[in-house]
Amino acid sequence: MRSLTNRFFSRSVLAAAIAGIGTPASAAFFQLAENSASGMGNAFAGGAAIAEDASTVWYNPAGMTRLKGPQFVFAGHFIDPSFKATVNSATTTDFTGIGGPPSVPISGGGGEAGESALVPNFYYTQAIASDYSIGVGVNAPFGLATEYDNSWAGRYHAVRSEIRTYNINVAGAYKFSDVASAGVGINYQHLSAELTQAIDFATLCTLAGQSGTCGFGAGFNPGTNPNDGDGKVTADSNAWGYNFGLLAQLPSDLRLGLAYRSKVKHKLSGDFDATVPTASPVTAVVASGFGIVNSTLKADVTLPATLSLSLYQQLGSQWALMADVTRTDWSSLQELRIKFDSTQGDSVVTLNLKNVYRYSVGATYKPGGAWVFRGGIALDQSPVSSEADATPRLPDGDRTWLSIGAGLQASPTLSFDLGYTYIKVDDPKVRKIGAPGNENQARGNLSADYTGSVQVLSAQARWTF
């Protein structure tokens, strides 16, 4: 079974199962921005400078010095993404140049890939001296999911992709003077992933010289789904990071904040599980010959560092303006390299992510009494470098945010906040080319256009003691 085609497929089929760890999230790529319902109303403009509630543990720990007394914040965010795929074309790889099968169409159209999710977070802060505060936050900085029908035309590239994270941030802050404060925190982060795809046994059997038994000659065809196999990757990791921030209260009610979050280096370990079609007894032999076997695996994934510069300007007793620029260093994730605890060689998936910026501006209006109203807009750049590097696991594009929100001081110790955001994703395009020897050879060619948007509804309760 060790034919010349084995060298083309033995490293790629499993890589295809985990290619492009990415899911539709509210922020660029698979980043989640929903870490505060009050901040949602301003599109998170001024996030590192506002310091109006305990969520500042995440945005800028130095802001804890502005909070008086113990404070607890609990928030929930319902995120409803829509990514609709229109498939222009989908075909298997053309292997005639190496004596293999020609390119043939892959059946199935596009479909809806978005999957809704509820994301909670909570924070607690307490001043333990006039100039020193501590706090803790638990949130989900990356995640959500995409899932296509099993019959869609890009099923050899992706079916289901799910990323889940939770982050525990413990921080302390010190107030040097009425002008300057600083804060620092440590972060424990857990990441888990589940990634699935179909495996094209029609092509594998034909390449293995079994066309009359389980290949094209036996009626196996990429348009006949019962002849597909399935690959599933599950993996998880625990890792550590840190964050720090500076806050300056300047004259004329101007406040500046600078906040940095470190990259987090995850070393994932997990399993690859293969399901082989039973239409022919030869398929199991073919799978073994191409190395499609159950196996443990490892992969290194570095989640990006961020640097935020924010300002908050109070204008009289009713109005405040805010702005923010945040850089996210996605270039730390240039490739995904999978190491198998078997005879498989390393599988490499190129991502070519680039560093990007998020720009936001917002305003807050307090008419007097118990209510406050918020609004904001943001432009969130995508780190995807090209259509060829884009993945159907996450059809990503630049994102434009439109946000509104309101807050109610229900009592001296209890307040509520609501926020709503509509995010328009610039129409993503995926152009995958399969060729003998490249990373898409087992998945084939895919040309798909997407329309994308995300709606987010956030609610929050805040108690002070």
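Asp449 is partly exposed, at a relative accessible area of 22%, where "partly exposed" covers everything between buried (under 20%) and exposed (over 50%), using a 1.4 Å probe and protein chains only. The side chain of Asp449 meets that of Arg431 in a salt bridge, at 2.7 Å from N to O; the cut-off for a salt bridge is a side-chain nitrogen of Lys or Arg within 4 Å of a carboxyl oxygen of Asp or Glu. Since Asp449 sits in strand E22 and Arg431 in strand E21 (residues 429-432), the pair ties together parts that are 18 residues apart in sequence. Strands here (E, at least two residues) and helices (H or I, at least four) are DSSP runs numbered from the N terminus. Arg431 is also partly exposed, at 23% relative accessibility.

A word on what you're looking at: this is a predicted model, with local features needing pLDDT of at least 70 and side-chain atom pairs counted only at pLDDT 80 or more, while totals for chains, interfaces and linings use all residues. Residues are numbered from 1 along each chain as its sequence is written, and side-chain values use heavy atoms, leaving out hydrogens and water.

Back to the charges. Side chains of opposite charge can pair when their charged atoms come close. A search of the whole structure turns up 15 salt bridges. Another one joins Asp341 and Lys298, at 3.3 Å from N to O. That pair links distant parts of the chain, 43 residues apart: Asp341 is in the loop between strand E15 (335-340) and strand E16 (347-350), and Lys298 is in strand E12 (residues 295-303). Asp341 is partly exposed at 45% relative accessibility, and Lys298 is partly exposed at 43%.

Now for a pair on the inside. Arg160 forms a salt bridge with Glu162, with the closest N and O atoms 2.9 Å apart, and both residues are buried. They belong to a network of salt bridges that also takes in Glu115, Glu147 and Arg164.

Arg164 turns up again in the second largest pocket, where it is among the residues nearest the centre, along with Leu118, Val119, Ala140 and Thr165. Pockets and cavities are found on a 1 Å grid over the protein atoms alone: a pocket is an open set of points with protein on both sides within 12 Å along at least five of seven lines, a cavity is a set where a 1.4 Å probe fits but cannot get out, and lining residues have an atom within 4 Å of a point. This pocket holds about 370 Å³ of space, a volume being the space filled by probe spheres set on the points, with grid points joined across faces, edges and corners. Its lining has 13 nonpolar, seven polar and four charged residues; Ala, Val, Leu, Ile, Met, Phe, Trp, Tyr, Cys and Pro count as nonpolar, Asp, Glu, Lys and Arg as charged, and the others, Gly among them, as polar.

The largest pocket comes in at about 510 Å³. It is lined by 29 residues, with Glu52, Lys366, Arg374, Gln409 and Arg462 nearest its centre. Strand E22 (445-464) is one of the strands that supply at least two residues of this lining, but E20 gives the most, with four. By class, the lining splits into eleven nonpolar, ten polar and eight charged residues.

What about closed spaces? There are four cavities of 30 Å³ or more. The largest cavity has a volume of about 560 Å³. Of the 41 residues that line it, Gln31, Trp58, Arg261, Thr306 and Thr326 are the closest to its centre. E9 provides the largest share of that lining, four residues, and the classes come to 20 nonpolar, 16 polar and five charged.

The second largest cavity, at about 110 Å³, is lined by 14 residues, including Ser36, Gly47, Ile50, Ser55 and Tyr59 nearest its centre. Helix H3 (37-40) and H4 each give two or more residues to this lining.

Last stop is the surface. Ile128, Tyr132, Ile134, Tyr174 and Phe176 form a nonpolar patch with about 480 Å² of accessible area together. Patches are made of residues with over 30% relative accessible area and no salt bridge, joining like charges within 9 Å and nonpolar side chains (Val, Leu, Ile, Met, Phe, Trp, Tyr) within 5 Å; accessible areas come from the Shrake-Rupley method with a 1.4 Å probe, and for residues only the protein chains shown count as cover.
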